[in-house]
Amino acid sequence: MVDMNVRCPRCGEIVSFSGIPGERRVVSCPSCGTDARLSFPGGEIQTSENTIEVSHLRKVYDDLIAVDDISFNVKKGEIFAFLGPNGAGKTTTVEIIESIRKPTAGSVKLLGKDIKTQFNAVKEYIGILPQEFHSFERLTVRETLVYFSKLYKKQANIDEIITAMDLTEYTKKLYRNLSGGLKQRVGVAISLVNDPDVVFLDEPTTGLDPKARREVWMVIANLRKRGKTVFLTTHYMEEAEFLADHIAIIHKGNIIAEGSLEELIDQYGTGSTMHIKKCKDPMETIDILKEKGYDVLSTGNGDIAVKIPHKERVLEVLSDMRHACIEYENIDIRRSNLEEVFLNLTGAKLAEEK
Ligand SMILES: Nc1ncnc2c1ncn2[C@@H]1O[C@H](COP(=O)(O)OP(=O)(O)O)[C@@H](O)[C@H]1O
Ligand SMILES: [Mg+2]
């Protein structure tokens, strides 16, 4: 909170008011009742291009190291995915940034403020969808949003949120009668009621069927269009692949790789695979391609898989095939994905890790 002493323009009384940095509010003079609009100083909440700066963060629960000396930045306006298996330390990290848990060591700057000393200055600028979120069973969607918006000084337009989150046809439905996917969409909507600059979404699609998951993804992608910075934790690699501008992979409390999807795949993937469907003479084709130095194998039914270590080599393979007059029905190229990146980094499958 910051204090401001102001002189009443009518009666001249000097009055002290407290407010959060950057807050604007109408105040009344206690002596004569005159109203005036005050702007409290300190509203310049973000000073660098990074919305979140985490430095040497560590969290130990008794003898368990949940988060072990991690550092990373989240840039303004990006969707940042914190990807890792269950128990990796995602919720611990995100809840430290949200000031719900205390770190054992390290520091966090959120919107330019050190959360240890200045969290109050930024708490009105963040929105949170906690893991395993639940709301009031007997409130309608609109009542839920109105209820949560009253907890904040800064309030967004509820109708705009309802439209953006694609909830218009459900506003009068009770929360308890909504499907899992709709409940999560209401959760994302709740995280927006104070028109935050940063939104934290902890596993927003866990337990949803693929269709509901995609619908929540569209809603999250919409947050980026609205200029929000999104901190998304997930153990679904497809979710990170679909949504994230930047991905940090966390494993056993450590960040083991970080970058854009392209960067991670280029650095830790094993390249792409070209699938040649229904080759006229598969055995001869394999021999020809092997002679040219390619890593080739038969995948049955006359189909062949050719490993492409760098995407620049796709044209080379096609050109070699044309020169050798290889005949086939179809070709598709599948690139390496995050699952493979995780496997290469840890020796384990993301889905199987506990
Ligand atoms: N309050 C707690 N007390 C003790 N251990 C905890 C607590 N919260 C989490 N853990 C442990 O810390 C590790 C990281 O947990 P968490 O941050 O919830 O991971 P994630 O969100 O990636 O699944 C896990 O081994 C978990 O059991
Ligand atoms: Mg978690």
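**View 1. Helix 1 gives the largest share of the shell around ligand 1 in this predicted model.** Three residues of that shell come from helix 1, which spans 90-97, and strand 6, which spans 64-75, likewise supplies at least two residues to the shell. The residues around ligand 1 include Lys-90, Thr-91 and Thr-92, together with Leu-64 and Ala-66.

**View 2. The shell around ligand 1, seen by residue class.** Six of the shell residues are polar, four are nonpolar and one is charged.

**View 3. Ala-240 in helix 7.** Helix 7 covers residues 237-243, and Ala-240 is found within this helix. Ala-240 counts as buried because 26 C-beta neighbours lie inside 10 Å, where a count of 20 or more is what the term requires.

**View 4. The contacts of Ala-240 beyond its sequence neighbours.** When neighbours within four places in sequence are left aside, Ala-240 is in contact with Ala-81, Leu-83, Thr-234, Ile-247 and Leu-338. Leu-261 stands 21 residues from Ala-240 in sequence, and the two C-alpha atoms are 8.3 Å apart in space.

**View 5. The domains of the chain.** The domain assignment gives domain 1 as residues 2-39, domain 2 as residues 50-266 and domain 3 as residues 271-335. The centres of domain 1 and domain 3, taken over C-alpha atoms, are separated by 75 Å.

Methods. Residues numbered from 1 in each chain as written. Chains lettered and ligands numbered in written order. Predicted model: local features only at pLDDT ≥ 70, side-chain atom pairs only at ≥ 80, totals over all residues. Near = placed C-beta within 6 Å. Helix = DSSP H or I, 4+ residues; strand = E, 2+ residues; numbered from the N terminus. Nonpolar A, V, L, I, M, F, W, Y, C, P; charged D, E, K, R; others polar. Domains from an automatic or database assignment. Buried ≥ 20, exposed ≤ 12 C-beta atoms within 10 Å, placed from the backbone. Contact = placed C-beta atoms within 7 Å.
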